[in-house]
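Student: I have a structure to go through with you. Can we take it piece by piece?
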Amino acid sequence: IVNSIIRGSQLGLLALGVTMIFAVLRFANFAHGEFAVVGAYLALLFSSTLGLPLLPAAIIAAGLTGLLAVCSDHLIFKKIRKAPGLVLLIAAMGLSILLRNVVSGIWGPDPLSYEKALGKSFAIFGARITSTQIMILAVAAAAMVSFHILLHKTKLGKAMRALSDNTSLAQARGINVENIIRWVWFICGCYAGLGGILIALETLLWPELGFNILLAVFCAAILGGIGNVYGAVIGAMVLGFVENLGLFIDWSDLFSLFGLVESGTFFQIPTGYKPAIAFITLVIVLIFRPTGILKGQKGD
């Protein structure tokens, strides 16, 4: 349960950005995972190399990731804003490959980690949880609450919601569409960088991390209802439980029916197959409920 909540919190921050970009611009940003990796590497640079405490390092890294997202929109996506969704998708994939190789060229392909990332361990109702994991939950919860307040209590948030509902009508009402889009990119980039940092704190950091988590992030967004920010959080939590439950269950009875294991043999899915659980979940959702748990939106 603890691992599922932590996993859902990490994926939720990334799924928020994916679903918000889709809600406003109607395309799947496949570079979102690479934004997360850039944010995590920048935080590592500021904390380990420059000696800053982790919290200010993470704040600066998240802000710079947000600026990177704004720059990517200005240089790439703004120029093809009215292009078909497939063109935007290919552009996002190209940006993803570019960022991944730039990160690999600067920091190298070998895994890295934050110093003293694990922290002390505590026992809560029989579960072991580290101080770092508690911090991850606290930061993720604060970020999600802040996003809710932004959407419902600020003029910027209300403008973002208006663009999500109807861009033409929002523009007719005097909303500066391009300015709001820049803010959407900045906020989503910041949340992506923060999510990448929280994931890297608990695992290792390497250039392929963004590609490895991207499927789970999109699965969470689609599961909750793509374009619905609250659905993204719910989908992330559900996926977190599905992944960890899939790794916890003894599958020997099912696999023995197909002759893959001997009857009565204890068999669990190896942790390396966790992405396959997300993929299977995504396929099931697309077949039986493509709009997600909460009604999502449609794009190209």
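Predicted model: local features only at pLDDT ≥ 70, side-chain atom pairs only at ≥ 80, totals over all residues.

Student: Which helix is Ser4 found in?

Tutor: Helix α1, which covers residues 2-25.

Student: And is Ser4 buried or exposed?

Tutor: Buried, because its relative accessible area is 2% and the cut-off for buried is under 20%.

Student: Switching topic. How much space lies in the largest pocket?

Tutor: About 780 Å³. The lining has 26 residues, and Arg7, Glu243, Asn244, Leu247 and Lys274 are the closest to the centre of the pocket.

Student: Which elements give two or more residues to that lining?

Tutor: Those are α1, α8 (177-202), α9 (209-224), α10 (229-248) and α12 (274-288).

Student: How do the lining residues divide into nonpolar, polar and charged?

Tutor: There are 14 nonpolar residues, eight polar and four charged in the lining of the largest pocket.

Student: OK, now Asp73. Where is its place?

Tutor: Asp73 is in helix α3, residues 54-75.

Student: Why does Asp73 count as buried?

Tutor: Because its relative accessibility is 2%, and buried means under 20%.

Student: What is Asp73 in contact with, leaving aside neighbours within four places in sequence?

Tutor: Four residues are on that list: Lys78, Arg81, Ile181 and Trp185.

How values were computed: Residues numbered from 1 in each chain as written. Heavy atoms only, no water. Helix = DSSP H or I, 4+ residues; strand = E, 2+ residues; numbered from the N terminus. Buried < 20%, exposed > 50% of the residue type's maximum accessible area, 1.4 Å probe, protein only. Contact = heavy atoms within 4.5 Å. 1 Å grid on protein atoms, 1.4 Å probe; cavity = no way out; pocket = protein on both sides within 12 Å on 5 of 7 lines; lining within 4 Å. Points joined across faces, edges and corners; volume = space filled by probe spheres on them. Nonpolar A, V, L, I, M, F, W, Y, C, P; charged D, E, K, R; others polar.
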